[in-house]
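Could you walk me through this protein chain in plain words?

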Amino acid sequence: VFPDGSLALADLDIDGGTDIGAAIVDADLFIIDDGAGGTNRKVTASRVKTYCSGTHVKISQSDFSTSTDVSFTSIEQSTYNNYLVKIDGLYASATGVSLYARIYTAAGEITDSDYDYAISEYRSDGTASTTNNQNGAFLRLNHRGLDDDSANTYFGNIYIGGVKSGERCQFFGNHGHSSNDTGNPSVGGFSSGHYTADTEITGFKFYPDGNNITGTITLYGIS
């Protein structure tokens, strides 16, 4: 143990140290000069990751191939009031599969008629379509439906806000279908919706309408 201030930073021989030999994990420790005031503290790698991640902080990621639905029930709502859900490479076991969302509160998953939504989609062949619903049992996130071909995948971003008590939870999304098959049009669309009560939200659920789907979904907190 060195007396306070007796070891200069220039005297630390980190070049002669042993490499960690593994990936950095959240529990690893760094040394930090707290507030540049000369007081050295330890800090976990998880804090460094949060500080360096910018406004979007990754909370969780799941793969639909291992589950028929994906639920995020630890959304850290005391830290974040806004979220980004990133959807990558979805395709289904059948054609025309819809993707739905519900929310969780302290009472559990909300399956009552408490959701409103509207969707507009536009295709590269010049056609367009819309759909909407009030007082439904879910939020619908796409209109055309998922394809059953990994060459025609669904991707998109969904922004969610207003999860605290006294606010109305709102969803706004943009999505598209990429197509590598001749004759299949590309599709782009927008969706919006909300949960009609003003109860604090504790989680989100995303699921298809009765068919298995494959793809990745990632939840970010927006600071």
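Leaving aside residues up to four places away in sequence, Thr131 touches Tyr117, Ala118, Ile119, Arg140 and His143; a contact here means heavy atoms within 4.5 Å. This is a predicted model, where local features need pLDDT of at least 70 and side-chain atom pairs count only at pLDDT 80 or more, while totals for chains, interfaces and linings use all residues. Residues are numbered from 1 along each chain as its sequence is written, and side-chain values use heavy atoms, with hydrogens and water left out.

**Around Thr131**
- You can find Thr131 in strand β9, which covers residues 128-136.
- Thr131 counts as buried because its relative accessibility is 17%; buried means under 20% relative accessible area, exposed over 50%, and partly exposed in between, with a 1.4 Å probe and protein chains only.

**Strands and their partners**
- The chain has one helix and 15 strands; both are DSSP runs numbered from the N terminus, with helices being H or I of at least four residues and strands E of at least two.
- Strand β5 (residues 82-92) pairs with strand β11 (residues 154-161) in the antiparallel sense over seven bridges; two strands pair if DSSP finds at least two bridges between them.
- Within that pairing, Leu84 has Tyr159 in β11 as its bridge partner.
- Strand β5 is also joined to strand β15 (residues 213-222) by nine bridges, and these two run antiparallel.
- Opposite Lys86 you will see Thr218 in β15.

**Aromatic rings**
- Eight aromatic pairs turn up in a search of the whole structure; rings of Phe, Tyr and Trp (its six-membered ring) pair if their centres lie within 6.5 Å, and planes under 30 degrees apart count as stacked, over 60 as edge-to-face and the rest as tilted.
- One aromatic cluster is made of Tyr80, Tyr83, Phe171 and Phe204.
- Lys205 lies over the face of Tyr207, 5.1 Å from the ring centre; a charge sits over a ring if NZ of Lys or CZ of Arg is within 6 Å of the ring centre and within 35 degrees of the ring normal.

**The chain as a whole**
- Along the principal axes, the C-alpha atoms fill a box of roughly 75 × 45 × 30 Å.
- Of the chain's 223 residues, 36% count as buried.
- Looking at contacts between residues at least 6 apart in sequence, 68% join residues at least 24 apart.
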